[in-house]
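Please look over the sequence and the structure shown here before reading on.

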Amino acid sequence: MIIFIIRRGNKDELLKIKEVPFTFSKEGGDFTDNSLSKNHFSILGYNDKEVFIRANSKVIYKDKEVIGDFKLRENEYFIAGELEITLAKIEIGIKPEEEVSKSQPTQFIDVEEAEVAYLKILSGPDAGKIIEIEKTGIVGRGEDADYRIDDQYVSRKQAKIYVFDDKYEIEDIGGKNPTLLNGKVITKITPLHSGDEIQIGKTRILFVNPKEKPETEIYKSKGVPVYVYGILALLIVIIIGIGIWFYNTQRENKFNALISSASSTIPIVSQFETTDQKIKALERANSEINEAEKIKKNDPRISEIKPLIEKLLNAWKDVKKAEESINAEDYLSALSSLENAIKVLENDKYVNNLYDQLLITTLVQQNYAEAKALFEQGKTKEALEILNLALNRTPDHPQLLELRKIILESQKKKPTTSEIQTKLASLKEVKPKEIKKETKEVAEKPKTEKTQLEPSIKIDVPNLSSINLEATQPQINLDVTLDETKNLINAYEKEHNLDKTIRIATSILQNDPNNVKAKYYLRLAQKEKQALAYEKQGKKNEAISTWEEIMKLDPSNKWAKEALLRLGK
């Protein structure tokens, strides 16, 4: 049996053909209509995939005039006279008891009698196609889609329609282009009602649920007469107002494309190799958000995405400032810039490593300057204590070793003040060792392994032997510095009380936000607490990684060494 949908004006009827050949004619045929010519066309036969038709007079098939034989597949249509004929279904193997009497080879059923909901393609490559919705399924361009739409602008899996008894819902499932329902972007699972219009890609679809409202009633309520399914965009534009629909649709599509592009930058920014590339990507995303805001200022997605992009952009600009300060050997300024950035980029490995490196650098500089000042005051024991803390962080630094040598020699033979000044002045002539720009860790990685490349900077840490400590010594208020940090150092180095260390460091930073020692010991204690928490939670890999970060901050840290041995590393 073959089932056709015959459309006359705005009225649809079902035609069931039980026997072939079957003739359509102005008069004397199996089916008659005054708009047809005599023996206009005939249905010659069919199989499970297509129907064979012979046109004796002109018909319009796929926008071309046809006279002669052609084949029609399900959901395809052609026009003869004032009739539009769509092949709805081919049924093979109908039981005899289901057939009607041979004296009545045709049967007309109004479309309003249909029970199953369906999608009617109004415009696009599949214009005129009717798709019955029988179950929950995927709408898309892919071959495995339950409800397939042949439109290159539709994703393979564009949307999902849910069927619950007589209720229907639709959800956008992440297509490249948005799914629109009645002109609005779908952002969550949304109910479908008979008469709703869906737009995906360049295809407009009418959803019809006959049990809720049949198709003829839909167009009555809309006040729009339907003459032909499958007429493309030009007729639709004329019906709804020339230019207005197209303009609004384009603006909506542009807005969604800008939002999509800007938001997709956020999760991939860490994949860019250099800070400059990250900044450039975020500036482009920020520009897209600003352009989208001109179209729809109050859209909630803008208020959600824009502050995040601006925050990330400013953070990476601070990282860039830090890199420039490092190249200028202004490590205190670099540390200040990174402290602003790390509040936002707390999970970025490169930023965290750079911050730790700068902490070591500035701490060693400060310890070096303090040790010299104490030695000049004749406080040899205190000077050696401070100097040994610096050597714990960088045991091979030539200027630190030379200063310790001078101090030890002075204990054996009491030099004059003039001799002390002469020996201290000679420290400026001690040249740091030349080292390669890339660290051992990076150098040993296979060339085929993709890594996040760090920008070229003038320091290479944890090996600080390339830094001239004399060139960038910080200003030291010795009495204040020693008084403030004595308890802090004891709390960590001798008592190893992490909570006390954090409490003292926080107190110092409230009065002196630039105190490098407080920052250093605060970070050590916080990382150690995090590592211990990971161990308690059974997260071995995370614990090992954190203990290794502590070893980079403090190469002589005995608690980190013990933990790594305990964890089998």
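The residues that line the largest cavity divide into eight nonpolar, one polar and no charged. Keep in mind that this is a predicted model, and that the values below were computed from it.

**The cavity**
- The structure holds one cavity of 30 Å³ or more, and about 40 Å³ of space lies in the largest cavity.
- The lining of this largest cavity consists of Leu 119, Val 139, Ala 159, Ile 161, Ile 170, Thr 179, Ile 198, Ile 200 and Ile 205.
- Two strands, β15 (159–164) and β20 (197–200), each supply at least two residues of that lining.

**Strand β20 and its partners**
- On one hand, β20 is joined by two bridges to strand β17 (residues 180–181), and these two strands run antiparallel; within this pairing, Leu 181 stands opposite Ile 198 in β20.
- On the other hand, four bridges join β20 to strand β21 (residues 203–208), again in the antiparallel sense, and Gln 199 has Arg 204 in β21 as its bridge partner.
- β20 and β21 form a hairpin with two residues between them, and in the turn Gly 201 has a positive phi of about 60°.

**Strand β15 and its sheet**
- An open sheet of five strands, with mixed pairing, has the order β14-β13-β15-β16-β19.
- Because β14 (147–148) and β19 (190–192) stand at the edges of this sheet, each with a single partner strand, one side of each is left without a neighbour in the sheet.
- β15 pairs with strand β16 (residues 167–172) over six bridges in the antiparallel sense, and in β16 the bridge partner of Phe 164 is Lys 167.

**Helix α15**
- Helix α15 (residues 540–553) has 14 residues and reaches 20 Å from its first C-alpha to its last, which is close to the 20 Å expected at 1.5 Å a residue.
- The buried residues in α15 are Ala 543, Ile 544, Thr 546, Trp 547, Ile 550, Met 551 and Leu 553.
- As a guide to reading such a list, an α-helix has 3.6 residues a turn, so residues three or four places apart point the same way.

Methods: Residues numbered from 1 in each chain as written. Predicted model: local features only at pLDDT ≥ 70, side-chain atom pairs only at ≥ 80, totals over all residues. Heavy atoms only, no water. 1 Å grid on protein atoms, 1.4 Å probe; cavity = no way out; pocket = protein on both sides within 12 Å on 5 of 7 lines; lining within 4 Å. Points joined across faces, edges and corners; volume = space filled by probe spheres on them. Nonpolar A, V, L, I, M, F, W, Y, C, P; charged D, E, K, R; others polar. Pairing = 2+ DSSP bridges. Expected span 1.5 Å × (residues − 1). Buried < 20%, exposed > 50% of the residue type's maximum accessible area, 1.4 Å probe, protein only.
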